[in-house]
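Let's take a look at some charged side chains and what they pair with. Here is the model to follow along with.

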Amino acid sequence: MADALLARSTLDPLVRKLAYWVKLDEADRAALHDLPHSVKTLPQNGYIVREGDRATHSCLLLSGFAMRQKIVAEGHRQIVSIHMKGEMVDLQNSLLGYADHGVQMLTAGKVAMIPREEIVRIAYERPAIGRAMWIDTLVDASIFREWIANVGRRDATTRVAHLLCEFSLRLKVAGLGEQTNYELPMTQEQLADATGLTSVHVNRTLKSLEAERLIERTNPRRIVIGDWRKLADAGDFDSSYLHFHQNEPALMHERSA
């Protein structure tokens with residue numbers, strides 16, 4: 001009985017995340033809680049899956065942060081998204097059969113590994129869960145599109161400000177930080193790999209945002225946003241691509257007037 005309750009609590013973040021997109025009944029929730037899984041502790045920079053590997057499991061992030069990345073021929077890295085507690089960070093690779101990109105831990109953390117065939121089974125057997133997983137991957141794709149636009153068509157200040165705004169909302173919704181005061185889980189080198197800049201350029205850009213009083217850094221990772229709407233303006237930020245619920249409390253979605 002105790003083991004069953006422990007397993008149930010382990011997969012609670014998955015239930016909460018999918019229920020955010022689609023209303024799940026008690027049978028759906030029980031089916032999710034009953035998914036077979038194993039829990040692993042991974043170090044910082046530990047791989048969940050490497051590009052080219054056959055994906056045998058889907059990964060639920062229980063703690064810490066993870067990143068999707070592509071490595072180009074010259075060995076340079078492009079970070080294409082960041083994931084946090086409660087997110088299925090390898091659903092796409094699992095459903096496609098093999099990994100066309102790598103997923104690596106940004107920080108140390110714990111993951112629940114769910115067999116790929118169990119993900120496919122529950123998605124077909126329980127339509128509400130299948131729809132929620134579908135929406136989850138569509139929102140991931142929406143974020144990918146925004147990141148492409150960020151790297152391709154925005155200047156350095158706008159790129160970094162945009163990323164800081166995205167983190168502020170996503171961390172708040174995940175219960176991992178306040179909207180205007182949070183710990184950024186990325187080094188300046190990783191910010192550079194996410195924004196297509198150099199580490200030196202990222203450093204200059206952060207200092208520029210500080211000089212304009214849009215942010216304050218009480219330590220290298222702590223971001224305090226002085227005026228969220230002005231930062232959103234600087235970052236050309238409109239949160240509609242995140243597809244948060246309209247009634248999400250205390251979130252500032254729109255650009256300033």
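Predicted model: local features only at pLDDT ≥ 70, side-chain atom pairs only at ≥ 80, totals over all residues.

Residues are numbered from 1 along each chain as its sequence is written, and side-chain values use heavy atoms, leaving out hydrogens and water.

The structure holds 13 salt bridges, including these:

| Pair | N to O distance |
|---|---|
| Arg 68 and Asp 140 | 3.7 Å |
| Glu 166 and Arg 170 | 3.0 Å |
| Glu 210 and Arg 217 | 3.0 Å |

Arg 68 sits in strand β4 (residues 66-71) and Asp 140 in helix α6 (residues 127-153), so the pair links parts of the chain 72 residues apart. Helices (H or I, at least four residues) and strands (E, at least two) are DSSP runs, numbered from the N terminus. Glu 166 and Arg 170 both belong to helix α7, 4 residues apart, or about one turn.

How buried are they? Buried means under 20% relative accessible area, exposed over 50%, and partly exposed in between (1.4 Å probe, protein chains only). Arg 68 is buried at 0%, and so is Glu 166 at 1%. Glu 210, at 26%, is partly exposed, whereas Arg 217 counts as buried at 18%.

Note on methods:
Salt bridge = Lys/Arg side-chain N within 4 Å of Asp/Glu carboxyl O.
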